[in-house]
Amino acid sequence: MSPLPTVTEILMDLIAIPSVSSASNRPIIDYALEHLKPIQWNFRMFPYLDLKGMEKVNLVATPRKLFSTEAVELALVCHTDTVPYPDDWAEAVRPKVINGRVYGRGACDVKGFLACILAAVGDLEVSEHSVAVAFTADEEIGCVGAKRMLGERQLYARNAVVGEPTRLRPVVAGKGYALGEVAVRGKAAHSAFPQAGRSAILDAASLIDSIRKVGRQAEMQRHERFDPPFTTINIGTISGGAAKNIVPAECRFLVEWRPVPGQSERWIADLIQEELALAQRVDPGLQATFEAIRIDPGFETDLQSKLVRELERLSGNPAETAAFGTEAPYLKKLGAETVVFGPGDMLAAHSSNENVPIAELERCVEILRVLISRLAISSSE
Ligand SMILES: [Zn+2]
């Protein structure tokens, strides 16, 4: 038998298969299947068509077939898509090793961890382990695959490791992400006669002031694990008005907030809605609507859970929080104690300098092997 490929070789193969979210992730799934076939796992494929009609696939692989609601002890979860790369970065899909690091798109976000999973299970005596490998689609464009995994209950797990580049630090909590739009309608008029119209921009300005109040309210609910230790609000874009000499008939602005875990996901949306309703009661002529476009929850895992303690011990790194969004909240909602973990640094991700240290890849494979042997033990045994 030919020797199994190393984690670095697997990663180089994976980088050479482009899998930007706009394309199908099928080639990556096929590569993973080829890799898992010799160990004769059971595969479940969950294909769907994305908004552009492109085929995307979630894959769940387990050593043996599971009953429909059977939970595995440990799930290793990894997304298969990457962000795009600029045209002038010719080596994005031609990986290179320089000074002990692998360079290329996806090297750390997150094909590095994907390669670690394949290397860790490739030579495992698996039949008795209660473990699942879950590869998801479309994380980079809003965790679409993970949301489907939750919605269709494609997997149940007691513990889950979600791969993202955390420099092998166990990340046990993350803020959520939410976005909404306020649309204000006024009445156009010649600006020499403003009393004949109603300025949507001035109305928007007073609503923005009300939303600042919501921000101050949010600051009162503190969550000391984070920096800053509360839900933050940002009004990132505003647009309105047709010309300098016309009273503006329309104004829109986007409100983004990052909720700390444990808070009702709709809390800020409800507060903004209340501010709007209050403003309209005071001034019935005010015409404004607020629509929540996206509300993704945060997540938080018990520091005393076995998964957290094992990962702290195996990595030698204490648990941390993360500022970036991940698929972890969806695994958490599926009932798993969830930790985000993986080789490489998020600061290198999404850049033309994306890379991962080979030493971290190899260390991660070892950690996953021990984790499987410690956690993926069926409770029935
Ligand atoms: Zn990622």
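Start by selecting Trp257: this residue is buried, with a relative accessible area of 0%. Here, buried means under 20% relative accessible area, exposed over 50%, and partly exposed in between, using a 1.4 Å probe and protein chains only.

Before moving on, note that this is a predicted model, in which local features need pLDDT of at least 70 and side-chain atom pairs count only at pLDDT 80 or more, while totals for chains, interfaces and linings use all residues. Residues are numbered from 1 along each chain as its sequence is written, and side-chain values use heavy atoms, with hydrogens and water left out.

**Stop 1: the aromatic pair**

A search of the whole structure finds one aromatic pair. Its ring centres, in Trp257 and Phe290, are 6.4 Å apart and the planes meet at 40°, so the pair is tilted. Rings of Phe, Tyr and Trp (its six-membered ring) pair if their centres lie within 6.5 Å; planes under 30 degrees apart are stacked, over 60 edge-to-face, and the rest tilted. The pair links distant parts of the chain, with Trp257 in strand β13 (residues 250-258) and Phe290 in strand β14 (residues 287-296), 33 residues apart. Helices (H or I, at least four residues) and strands (E, at least two) are DSSP runs, numbered from the N terminus.

**Stop 2: the zinc ion**

Now select the zinc ion. Which protein atoms are its donors? They are NE2 of His79, an OD atom of Asp109 and two OE atoms of Glu164, lying 1.8 to 2.6 Å from the zinc ion. Donors are N, O and S atoms within 2.8 Å of the metal (3.2 Å for Na, K and Ca); water is not among the atoms, so sites may look incomplete.

The four donor atoms subtend angles of 53 to 145° around the zinc ion, which makes the arrangement irregular. To count as tetrahedral, four donors need all angles between 85 and 135 degrees; four count as square planar and six as octahedral if opposite donors are over 155 degrees apart and all others between 65 and 115, and anything else is irregular.

Along the chain, the donors follow the spacing H-x29-D-x54-E. Asp109 sits in the loop between β5 (101-103) and α3 (111-122), and Glu164 in the loop between β7 (157-163) and β8 (171-174), 55 residues apart. Both Asp109 and Glu164 are buried.

**Stop 3: backbone details**

For another cis peptide bond, select Asp227 and Pro228, where omega is about -5°. Pro228 is in the loop between α5 (200-220) and β11 (232-240).

Next, select Leu168, in the loop between β7 and β8. Its phi is positive, near 60°, in a residue other than glycine. Is Leu168 buried or exposed? At 7% relative accessibility, Leu168 counts as buried. Cys143 also has a positive phi, about 55°, although it is not a glycine. Look for Cys143 in the loop between β6 (131-136) and α4 (144-151).

**Stop 4: strand β8**

Finish on β8, which runs parallel to strand β16 (residues 320-322) and is joined to it by three bridges. Two strands pair if DSSP finds at least two bridges between them. Select Val171 to see Glu320 of β16 opposite. With strand β15 (residues 299-300), β8 pairs in the antiparallel sense over two bridges; there, Gly174 stands opposite Phe299.
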